[in-house]
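Subject: Structure handover, with notes

Dear colleague,

Please find below the structure that I am handing over to you, together with its sequence. My notes on it follow, and I would be glad if you read them with the structure open beside you.

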Amino acid sequence: MINRSGSIAGDLVFTDADFQAISTHAAQRYGLDIKIEKKGLIYARLARRIRALGMTDFRSYCAMVTGPNAGAEQEELLSALTTNVSSFYRERHHFEMLKQSVLPQLREQALHGNKIRIWSAGCSAGQEPYSIAATLCEAWPDAGSLDIQILATDVDPRILEKAKSANYRASEGDGLSPEQRKGLFEPSAKGAEKLQVRSHLRKMVNFDQINLVSDWRHASPLDFIFCRNVVIYFERATQHRLWRRFNDSLVSSGHLFIGHSERLSGPAESQFRNVGITAFAKN
């Protein structure tokens with residue numbers, strides 16, 4: 001338990017000033033909005049790393065990660081501050097909407113050779129973009145012959161490496177229907193304890209590291225964007241800016257899917273119209 005001096009009895013000292021240094025750095029570099037109520041959580045996530053570095057207090061660690069020689073420690077800090085929780089077909093109503101409403105609208109242009117471009121922003125360990133790819137292949141058995149690209153991005157390079165591997169624990173297939181398991185996975189060289197995403201799905205997904213608060217651009221307009229349970233961690237002004245930039249990145253008939261606990265706000269309320277549960281079409 002953290003006492004009034006900001007330390008944990010018999011352990012590392014973590015003052016409010018230390019917390020403020022970390023939260024300010026996270027806001028400026030990654031757009032994260034970390035409230036003081038999260039102080040205990042941040043302590044728990046960073047204490048092990050600080051001990052591994054041989055440091056005895058948070059002040060020394062704060063000086064290092066906010067200084068000019070932080071280097072690779074920025075990745076360690078980011079991994080500790082972010083929560084990479086996902087699952088296949090998470091918030092399944094979005095994938096049902098893809099099959100029933102969004103993909104039928106795109107079918108004709110795909111058959112005429114037009115590009116279909118999709119963005120999974122904040123893709124975590126890859127379950128979301130692979131679920132999108134599987135949904136496309138289920139709806140369009142000829143998807144492999146069409147010009148379809150799914151861009152999957154995250155700010156955390158470590159989680160992207162896991163996503164690129166396309167290998168998952170067998171337990172991550174729990175709750176999927178037999179049809180979904182068959183569509184997603186092929187036998188893994190690592191044995192029955194692992195699930196391997198099918199090769200044709202892997203080919204549809206390109207991974208890249210993108211910080212959503214940076215100056216990103218897309219070469220082609222996007223047909224739909226999945227950005228779910230990501231923007232909720234940003235401060236309000238950053239949220240407003242991202243909603244606008246997502247709108248600018250979409251084709252005129254594009255769609256945006258957001259997380260169950262997220263809400264559009266600011267100018268975006270007039271830029272999008274609600275077309276389903278946390279699903280929006282560009283006005």
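Between which helix and which strand is the loop in which alanine 166 is found? Please bear in mind, here and throughout, that this is a predicted model. Alanine 166 is found in the loop that runs between helix H7 (157–165) and strand E3 (167–169), and its phi is near 60°, a positive value in a residue other than glycine. Most residues other than glycine have a negative phi. Because its relative accessible area is 0%, under the 20% cut-off, alanine 166 is buried.

A second residue of this kind is asparagine 229, whose phi is likewise near 60° and positive although the residue is not glycine. Asparagine 229 has its place in the loop between strand E7 (222–227) and helix H10 (236–249), and at 15% relative accessibility asparagine 229 counts as buried.

Turning to the helices, I looked at helix H3 (residues 58–65), where the buried residues are Phe58, Tyr61, Cys62 and Val65. These residues lie on the same side of H3, because they cover an arc of only 100° around the axis. An α-helix has 3.6 residues a turn, so residues three or four places apart point the same way. The face of H3 that is turned away from this buried side carries the exposed residues Arg59 and Ala63, while what covers the buried residues includes helix H1 (16–30), helix H2 (39–52) and helix H4 (73–81). At the start of H3, a side-chain oxygen of aspartate 57 reaches to within 3.1 Å of the backbone nitrogen of arginine 59.

Two of the helices that cover H3, H1 and H4, also deserve a note as a pair. Their axes come within 12 Å and cross at roughly 100°, which means that H1 is roughly perpendicular to H4. On the side of H1 the contact is made by Ile22, His25, Ala26, Arg29 and Tyr30, and on the side of H4 by Gln74, Leu77, Leu78 and Leu81. Sorted by class, the contact of H1 with H4 has six nonpolar, two polar and one charged residues.

Valine 13 lies in the segment before H1 and, at 37% relative accessibility, counts as partly exposed.

Leaving aside neighbours within four places in sequence, leucine 201 is in contact with Tyr130, Ala133, Ala134, Cys137, Gly183 and Leu184. The C-alpha atoms of leucine 201 and serine 214 are separated by 28 Å, and these residues are 13 apart along the chain.

Lastly, phenylalanine 246 has its place in helix H10, where at 0% relative accessibility phenylalanine 246 counts as buried. If residues up to four places away in sequence are not counted, phenylalanine 246 touches Trp119, Trp216, Ile225, Cys227, Val231, Leu256 and Phe272. From phenylalanine 246 to isoleucine 34, which is 212 residues away along the chain, the C-alpha separation is 23 Å.

Definitions and conventions
Residues are numbered from 1 along each chain as its sequence is written. This is a predicted model: local features need pLDDT of at least 70, side-chain atom pairs count only at pLDDT 80 or more; totals for chains, interfaces and linings use all residues. Side-chain values use heavy atoms; hydrogens and water are left out. Buried means under 20% relative accessible area, exposed over 50%, partly exposed in between (1.4 Å probe, protein chains only). Helices (H or I, at least four residues) and strands (E, at least two) are DSSP runs, numbered from the N terminus. The arc is that of the directions from the helix axis to the C-beta atoms. Contact means heavy atoms within 4.5 Å. A polar contact is a pair of N or O atoms within 3.5 Å; within protein, one must be able to donate a hydrogen and the other to accept it, and residues adjacent in sequence count only if both atoms are side-chain atoms. Axes are lines fitted to C-alpha atoms, for helices over the stretch in contact, and angles run from 0 to 180 degrees between N-to-C directions. Angles under 35 degrees count as roughly parallel, over 145 as roughly antiparallel, 65 to 115 as roughly perpendicular and the rest as oblique. Ala, Val, Leu, Ile, Met, Phe, Trp, Tyr, Cys and Pro count as nonpolar, Asp, Glu, Lys and Arg as charged, and the others, Gly among them, as polar.
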